[in-house]
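The tour moves from one selection to the next and states what is found at each stop.

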Amino acid sequence: MIIHNITFCVERSIAPEFIDWLRGIYVPAVSEAGLSFHTLARVMGSPDPSADSYALQFSADGLGAIKRWTDGPEAAFEAEIASIWGERVLCFTTNLQVL
């Protein structure tokens with residue numbers, strides 16, 4: 001099993017709005033693309049006093065499903081995040097192999 005982890009660094013003033021968007025728009029879209037929702041968690045101990053980080057995780061049986069997401073719809077969602085929140089939301093992805 002592979003976990004596709006997306007970590008978002010979010011300015012605190014917009015965090016509730018952004019989390020609502022994740023739950024209402026982003027998670028359903030990723031799930032429809034074939035990945036299984038795993039968890040949404042706040043990363044503890046943010047070094048930035050004005051921001052919090054959140055880890056959003058999806059699982060897949062292999063890299064093929066993740067690649068279909070990252071090579072396709074993911075870029076459009078990254079552009080949407082940038083157009084709505086600009087640099088108040090930054091993100092990066094990591095793929096993890098479950099041992």
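Helices (H or I, at least four residues) and strands (E, at least two) are DSSP runs, numbered from the N terminus. This is a predicted model, in which local features need pLDDT of at least 70 and side-chain atom pairs count only at pLDDT 80 or more, while totals for chains, interfaces and linings use all residues. Residues are numbered from 1 along each chain as its sequence is written, and side-chain values use heavy atoms, with hydrogens and water left out.

**The whole chain.** Display the protein chain as a cartoon. Three helices and four strands are present, in the order β-α-β-β-α-α-β from the N terminus on.

**Helix 3.** Select residues 73-85, which form helix 3. This helix has 13 residues and reaches 18 Å from its first C-alpha to its last, close to the 18 Å expected at 1.5 Å a residue (the expected span is 1.5 Å times one less than the number of residues). Colour E74, F77, I81 and W85, the buried residues of helix 3. Seen down the helix axis, they fall within an arc of 60° (taken from the directions from the axis to the C-beta atoms), so they line one face of the helix. They pack against strand 1, helix 1, helix 2 and strand 4 (89-97), where contact means heavy atoms within 4.5 Å. The face turned away from the buried side carries the exposed residues A76 and S83. Next, select G86, which follows helix 3 and has a positive phi, near 60°.

**The nonpolar core.** A nonpolar core is a set of buried Ala, Val, Leu, Ile, Met, Phe, Trp, Tyr and Cys residues joined through side-chain atoms within 4.5 Å. Select F8, F18 and Y26: of the 26 residues in the largest such core, these touch the most other members. Helix 1 gives the most to this core, with nine residues. Now centre on F18, which touches F8, V10, I81, W85 and V89, not counting residues up to four places away in sequence.

**D52.** Is D52 buried or exposed? At 11% relative accessibility, D52 counts as buried. D52 lies in strand 3. Show the side chains of D52 and R12, which are joined by a polar contact of 3.0 Å (a pair of N or O atoms within 3.5 Å; within protein, one must be able to donate a hydrogen and the other to accept it, and residues adjacent in sequence count only if both atoms are side-chain atoms).

Definitions and conventions:
Buried < 20%, exposed > 50% of the residue type's maximum accessible area, 1.4 Å probe, protein only.
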